[in-house]
Amino acid sequence: MKISLRKQIIVIFTSIVVIPLSILIYNSYRSISVEIQQSYVENNVQLLSLLNNRIDDYLKQLDQISLSLYSDLLFTQEYQATDNENWAYNLKIKKLMNIYLQRSETNSVLFYIPYSSEVYIINKSINASFSNAPNIEATSGYSRAMQTKGKYVLEPQHRLKNFNAEYQLNSSTPVFSINRIIQTYSKDYGLLSINYELTYLEKITKDIMHYSDEFAVLTNQSGSVIYQSDPSIRLDSAIINSIISGKALTGSFPTQSSSSDQLLVVYSKSDSSGNILLKTIRMKVLLAQASKSKNLNLMIGAALLCSLIGAIIVVSYRITAPLLKLERHIGLAGKGFFNIPIAVTSGDEIGRISVSYNRMLGQLDQLINEKYKLKLKNKSAELKALQAQINPHFIYNTLQAIGSVALEEGIKELEEMTIALSNMLRYSIKSAGMMVTLEDEINNSKDYLSIQKFRFEEKLVFRIEIADELRSIQIPKLILQPILENSVIHGIERKKTPSTIEIRCKALGEVLSITVGDDGVGMDSDKLAQIRTTLSRTDDEFAEGDSIGIANVYQRLRLLMGDQFEMNIRSESGKGTTVEMLIHVDDNIKKESRDHV
């Protein structure tokens, strides 16, 4: 399917705008997201570590409170010396009340004496003792405390259920407990259980909660929950287990909730108590600001894109309108109307082409009228037949004829240009195969550069260096001209000062080095990287669409030579571009190349 140049310009320039803009918006979103996430992790790891240390200090204070019973009760002279049961009872109540009042968040204090099955209860409703309370020994807190005599046991978050109603313990309020076996010199004296409400942990945890969607959890070293900011949320045990099994004391990782929401987990693990403090937050809440920025960029990009597309359409019409006009006149010239010149309305490249076309049209018309008008009339029938079968050989013969006329008429420049162009055409249509000698390829390059010399005059200088022993080496045909065209179009045309193109051929062992270099405008590193990436493409669509470019040369050499070929491109903005082709030319490789052809 043929696509007009106007549509190609619109599509290409729109793509040039859309693709980088899309990449820019995407990279901006990714960059902001990563920055927000990293900042969140860094800040919260530090906050969690500080808070975890604060919680460790808090638990140590609670431990010291539980130890105060030793100094306040069992080892006092008054208690050891008294035989008065009523006085001893009041002393116990007094000391347990002192423990109860040390912290405002204390829910209750229980002191159980196994040998008498007696329990002392201190809370805001009661301070009394009860006999016949062996059910205390059936609790998990009692059994765990007995297993770790001499140390306190932290009982994770629970409710004070399954106790006698007369104890007046509030079973609706969650608490955590500090349990300790109180020992005398000779025996286990009793179990001290201090139950604390979560108000203090809730208060200090609020200091690290910056988003309404955040969820904080404090667990002991085995993963049992001591406190969580939202009791209705059930934390996946796999998250806790992964932190327990890991060696890192702080860190973060993404995970997925039971409702398939993406979560970010940040944690701190105490190196002394082993307690784990973690926070979770939904990614979409954390990255909400990045999403807003992305949506704003998309709206700005859409508005910019619409404006640019409008400008591109206008520019494409301004560019293609003169070309369409030139195309129509060339079509008329092809039908024999040589006396209809193009009206030149601009001084740009298209205007200069139009001037040159009018000059060439006038010269062709003059030559035809003076020398071939009679022959054309006599051969009109033959020419009509040949017009249906016109091919490159006919064009070549015609150029030779024009060159002869130019020689007879003394038009030296037209003669030389015609000879050079006919040589190039003959070289391109020769049917001897895809392989030619290096000398033939160099001669074709000379013809091309000679034509460009007529165009640029003193602005273009070219030099060719080749050793005689390399001239007979077989190489693929037409690998230099596309590279020279790139040097002229992209390097020389854009430079205002005189420029030089050099072709150097030399042998490096069994490798032929062919270098094409210019001192034109060059290119920056991004453009160079883009070209190098383009060279790696191997799809058929690319090969068909870019058959005369550097990429086509690269692909053809790669197909013919395999890994016996290498192309290196070096360029620097403002200093020029160099393309080097390295081709293995030992006998085996040359034979393989011919067989492949």
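Q: Two strands count as paired if DSSP finds at least two bridges between them; what makes strand β10 and strand β11 a pair?
A: In this predicted model, strand β10 (residues 262-269) and strand β11 (residues 276-282) share seven bridges in the antiparallel sense. The cut-off is at least two bridges, so the strands pair. One of the bridges joins leucine 263 to arginine 282 in β11.

Q: Where do β10 and β11 stand in the order of their sheet?
A: The order is β8-β7-β11-β10-β9, an open sheet of five strands with antiparallel pairing. β8 (225-228) and β9 (250-256) are the edge strands; each has a single partner strand, so one side of each has no neighbour in the sheet. From one strand to the next, the twist averages 20 degrees.

Q: Why is the contact between arginine 180 and aspartate 63 called a salt bridge?
A: The side chains meet at 2.2 Å, N to O. The definition asks for a side-chain nitrogen of Lys or Arg within 4 Å of a carboxyl oxygen of Asp or Glu, so the pair qualifies. Side chains of opposite charge can pair when their charged atoms come close. The structure holds 13 salt bridges.

Q: What makes the pair of arginine 180 and aspartate 63 a link between separate parts of the chain?
A: Arginine 180 belongs to strand β5 (residues 175-183) and aspartate 63 to helix α1 (residues 5-74), so the bridge ties together parts that are 117 residues apart in sequence.

Q: Are arginine 180 and aspartate 63 buried or exposed?
A: Buried means under 20% relative accessible area. Arginine 180 has 4%, so it is buried. Aspartate 63 has 15%, so it is buried as well.

Q: How do you know that glutamate 155 and arginine 144 form a salt bridge?
A: Their side chains meet at 3.3 Å, N to O, and the limit is 4 Å, so the pair counts. Glutamate 155 lies in strand β4 (residues 153-158) and arginine 144 in helix α4 (residues 140-147), so the parts tied together are 11 residues apart in sequence. Glutamate 155, at 11% relative accessibility, is buried. Arginine 144, at 32%, is partly exposed, because its value falls between the limits of 20% and 50%.

Q: What makes arginine 463 and glutamate 502 a salt bridge?
A: The closest N and O atoms of the two residues are 2.3 Å apart, so the pair meets the 4 Å limit. Arginine 463 is in strand β13 (residues 460-466) and glutamate 502 in strand β15 (residues 499-508), so the pair ties together parts that are 39 residues apart in sequence. Arginine 463 is partly exposed, at 41% relative accessibility.

Q: Why is asparagine 444 called buried?
A: Its relative accessible area is 2%, and the limit is 20%, so asparagine 444 is buried. Asparagine 444 lies in helix α13 (residues 438-456). Beyond its neighbours within four places in sequence, asparagine 444 contacts Met424, Tyr427, Leu478 and Gln481. The buried residues of α12 include Met424 and Tyr427. Those of α13 include Ile442, Tyr448 and Phe456.

Q: Why is serine 117 called buried?
A: Serine 117 has a relative accessible area of 19%, and the class covers values under 20%, so serine 117 belongs to it. Serine 117 is in the loop between β1 (106-113) and β2 (118-123). Leaving aside neighbours within four places in sequence, the contacts of serine 117 are Tyr112, Phe130, Ser131, Asn132, Ala133 and Pro134.

Q: What share of the residues in the chain is buried?
A: Buried residues are 39% of the 597 in the chain. The chain has 18 helices and 18 strands. Of the contacts between residues at least 6 apart in sequence, 63% join residues at least 24 apart.

Methods:
Residues numbered from 1 in each chain as written. Predicted model: local features only at pLDDT ≥ 70, side-chain atom pairs only at ≥ 80, totals over all residues. Heavy atoms only, no water. Buried < 20%, exposed > 50% of the residue type's maximum accessible area, 1.4 Å probe, protein only. Helix = DSSP H or I, 4+ residues; strand = E, 2+ residues; numbered from the N terminus. Contact = heavy atoms within 4.5 Å. Axes fitted to C-alpha atoms, helices over the stretch in contact; angles between N-to-C directions.
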